[in-house]
Amino acid sequence: MFNALVGSIALYGTEVRGWRNEERVDRVKKKYVKWILGLDRRTPNYILVEETKMRELRLEAMKRVIKYEEITRKTKRKIVMECIKELDTEGRESEENKKGKGKRRRKEKEECRKKIEESKYNKHYENIMTEEIPKYLRERRKKKDRNVIARYRCGNKMRGSQHWREDKERKCRVCKGGVEILMHVLKECEATRYETSIEEFLKEDGKSCELMKRIDRIREERRKEKEGVETGGK
Ligand SMILES: [Zn+2]
């Protein structure tokens, strides 16, 4: 799916297009790409935009992708319908508006980078972001694997940094010992620790996908065990 998206970007990359109501389309677009990649709704947009290089997405490309999604999966999902409706009602912006757009984009990029540097949600993103679209998104991959990698890279998988959660909810789901951050999961936690660096684990090539899935499996096992204890087998 994302391959189709990237293909469309390449196809329309040289054209300069815009939107009359850019902000509104942007919002829907972000929601849609989060859904496609299986990311939490609360994933900061500055991470989403950087990870997918979303600035490059064009309206036409989005339309194609949505139609593709619709046909291949015959989905009636609300978000897809919403997207199509929004995109259909949007036109291209006028010639005058195109000026100043480059300047605005550059400023947006700077602001985005600053937010990444200061991010509390994902302290590691600064060290793993890429110039191009990350390799794991460019390659052909199973949707499930691609989404696991995206979720780990974007910081969805570590509750320790999710500040809105209560303290007890931010503990490691496996050992209940430390706060659930990558340092704990990869270096300290008895069941999940592994000989790898955080940067290597989150690298754009997605080579640690199996390790990511292993952590997920262990978490899932622990969750089931806990459920079993709570119902007491009665
Ligand atoms: Zn642990």
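Student: What share of the contacts in the protein chain with a separation of 6 or more comes from residues 24 or more positions apart?

Tutor: In this predicted model, residues 24 or more positions apart account for 66% of those contacts in the protein chain. The chain has 13 helices and 0 strands, and 24% of its 234 residues count as buried.

Student: Which residues have the most contacts inside the largest nonpolar core, and which elements supply it?

Tutor: The core has 25 residues, and those with the most contacts inside it are Leu 37, Ile 47, Ile 149, Ala 150 and Val 185. At least two residues of this core come from each of α2 (22-36), α3, α9 (135-138), α10 (143-154) and α11 (182-188), while α10 gives the most, with 5 residues. The core also draws at least three residues from each of domain 1 (2-128) and domain 2 (157-231). As for Ala 150, its contacts, leaving aside neighbours within four places in sequence, are Leu 37, Gly 38, Leu 39 and Glu 51.

Student: Why are α10 and α13 called roughly perpendicular to each other?

Tutor: Helix α10 and helix α13 (residues 209-231) pack at an angle of about 80°, with their axes 10 Å apart. Angles of 65 to 115 degrees count as roughly perpendicular, and α10 and α13 are therefore described in that way. The contact is made by Asp 145, Val 148, Ile 149 and Tyr 152 of α10 together with Cys 209, Met 212, Lys 213 and Asp 216 of α13. These residues divide into 5 nonpolar, no polar and 3 charged.

Student: How do you know whether Arg 153 is buried or exposed?

Tutor: Arg 153, which is found in helix α10, has 28 other C-beta atoms within 10 Å. A residue is buried if that count is 20 or more, so Arg 153 is buried. Not counting residues up to four places away in sequence, Arg 153 touches Glu 51, Ile 128 and Leu 202. The C-alpha atoms of Arg 153 and Phe 201 are separated by 8.9 Å, although these two residues are 48 residues apart along the chain.

Student: Why does Glu 117 count as exposed?

Tutor: Glu 117 lies in helix α7 (residues 101-118) and has 10 C-beta neighbours inside 10 Å. The cut-off for an exposed residue is 12 or fewer, so Glu 117 counts as exposed. The C-alpha atoms of Glu 117 and Asn 127, which are 10 residues apart along the chain, are separated by 9.2 Å.

Student: What phi does Lys 176 have, and what makes this residue exposed?

Tutor: Lys 176 has a positive phi of about 65° although it is not a glycine. For comparison, most residues other than glycine have a negative phi. Lys 176 is found in the loop between α10 and α11, and it has 11 other C-beta atoms within 10 Å.

Notes
Residues are numbered from 1 along each chain as its sequence is written. This is a predicted model: local features need pLDDT of at least 70, side-chain atom pairs count only at pLDDT 80 or more; totals for chains, interfaces and linings use all residues. Helices (H or I, at least four residues) and strands (E, at least two) are DSSP runs, numbered from the N terminus. Two residues are in contact if their C-beta atoms, placed from the backbone, lie within 7 Å. A nonpolar core is a set of buried Ala, Val, Leu, Ile, Met, Phe, Trp, Tyr and Cys residues joined through C-beta atoms within 7 Å. Domain bounds come from an automatic or database domain assignment. Axes are lines fitted to C-alpha atoms, for helices over the stretch in contact, and angles run from 0 to 180 degrees between N-to-C directions. Angles under 35 degrees count as roughly parallel, over 145 as roughly antiparallel, 65 to 115 as roughly perpendicular and the rest as oblique. Ala, Val, Leu, Ile, Met, Phe, Trp, Tyr, Cys and Pro count as nonpolar, Asp, Glu, Lys and Arg as charged, and the others, Gly among them, as polar.
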